[in-house]
Amino acid sequence: MVQLHVKRGEESQFLFNTTVDIALETLFEEVTAIYNGRLKVERICSEVPELAEHGITLPPNMQGLTDDQVLDLKLHDEWEDTCIPSGGAEFKKDEIGRRNGHAPNEKMKDVLKKTVEEAKALISKKQAQANACVTKEMVKEALDLLRGAVMIVYPMGLPPHDPIRMELEDNEDLAGTQAALQVIPAEEGQLWWAQKEMQRGKKLQDYIGKNEKTKIVVKLQKRGQGAPAREPMVTEEQQKQMMLHYHRRQEELKKLDEADDDTHLHSEWSDRQALKKQFQGLSNIKWGPR
């Protein structure tokens, strides 16, 4: 199997196994699906702790309003009485006014938080450091874990406007957000290798040959972004080691400069008369009372 180390810019993303015979259209689609799937998992994982701490999201027309403003406008959250966490709710006010404050109890919070850690571990960038590949099945498993945990804590489901539910149902609206800039549509995904853009309509073997044991680094780009930056000559870890060696060398030179240059003259090996004294039996003479 050919192993692709997929990067976005200089940042490592994941490892992906494939064959040299794969069509590049298929490869782009699979790599982009995993990349976008990981982003989805990360977005959900960023929202779940807020769900655990402050409960479900308020309707859009109530978010950011004070209690007095809600009363003056006679607004009511119709989902508050429906979306109740298992084991009852504990009130913890959301200071930014985005969630209703009816949080799950401690036991249910632990379920959500542990599931977040498990989901993150499945699609973590550390998988590449451990030489483990990330697949679409692993991304799906992470999403299923999060979906299951939410169903356990909120058996009646979440409001349709809650970002977690929207993400799980693929109805998320990322327009105008930073997250939208990170997503790469499948039809706009491009892979670059050795400063060359891999063209649709060809196969992977047209670029790297027919050796199935090949390992290469590819850069994932959105169409129109141009060629990615070249790979650095040394890795970040190698650069740290070089800087550490340079620092140690500088410290050694500093100590040498501060040392007395004549101290070596007091050493036994620097005595020009040592051989003569040894022949005359004068090498071990000590003065003073015994």
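## Arg98 and its partner Glu47

Arg98 is partly exposed, because its relative accessibility is 25% and this class lies between buried (under 20% relative accessible area) and exposed (over 50%), using a 1.4 Å probe and protein chains only. Its partner in a salt bridge is Glu47, at 2.9 Å from N to O; the term stands for a side-chain nitrogen of Lys or Arg within 4 Å of a carboxyl oxygen of Asp or Glu. The pair links distant parts of the chain, 51 residues apart: Glu47 sits in helix 1 (residues 24–54), and Arg98 in the loop between strand 3 (89–91) and strand 4 (102–104). Glu47 is buried, with a relative accessible area of 16%.

Helices (H or I, at least four residues) and strands (E, at least two) are DSSP runs, numbered from the N terminus. Please keep in mind that this is a predicted model, where local features need pLDDT of at least 70 and side-chain atom pairs count only at pLDDT 80 or more, while totals for chains, interfaces and linings use all residues. Residues are numbered from 1 along each chain as its sequence is written, and side-chain values use heavy atoms, with hydrogens and water left out.

## Other salt bridges

The count comes to 20 salt bridges. One of them joins Glu11 and Lys125, whose closest N and O atoms are 2.2 Å apart. Glu11 is partly exposed at 43% relative accessibility, and Lys125 is partly exposed at 28%.

Glu169 forms a salt bridge with Arg165, with the closest N and O atoms 3.1 Å apart. Here Glu169 is partly exposed at 42%, as is Arg165 at 27%. There is also a network of salt bridges that links Lys40, Arg43, Glu167, Asp170 and Glu172.

## The sheet

Strands of a sheet pair through backbone hydrogen bonds, either parallel or antiparallel. In this model, 5 strands form an open sheet in the order 2-1-7-5-6, with mixed pairing; two strands pair if DSSP finds at least two bridges between them. Strand 2 and strand 6 (196–197) are the edge strands, each pairing on one side only.

Strand 1 (residues 2–8) runs antiparallel to strand 2 over 7 bridges. Leu4 stands opposite Phe16 of strand 2, and Val6 has Phe14 as its bridge partner. The hairpin of these two strands has 2 residues between them, and Gly9 takes a positive phi near 70 degrees there.

## Helix packing

Helix 1 and helix 5 (residues 136–153) have axes that come within 9 Å and cross at roughly 20 degrees. Axes are lines fitted to C-alpha atoms, for helices over the stretch in contact, and angles run from 0 to 180 degrees between N-to-C directions. The two helices are therefore roughly parallel, a term for angles under 35 degrees, whereas those over 145 are roughly antiparallel, 65 to 115 roughly perpendicular and the rest oblique. Contact (heavy atoms within 4.5 Å) involves residues including Ala33, Gly37 and Val41 of helix 1 and Val139, Ala142 and Leu146 of helix 5.

Helix 3 and helix 5 also have axes within 9 Å, crossing at roughly 175 degrees, so they are roughly antiparallel. Among the residues that meet are Val111, Leu112 and Thr115 in helix 3 and Leu145, Leu146 and Ala149 in helix 5.
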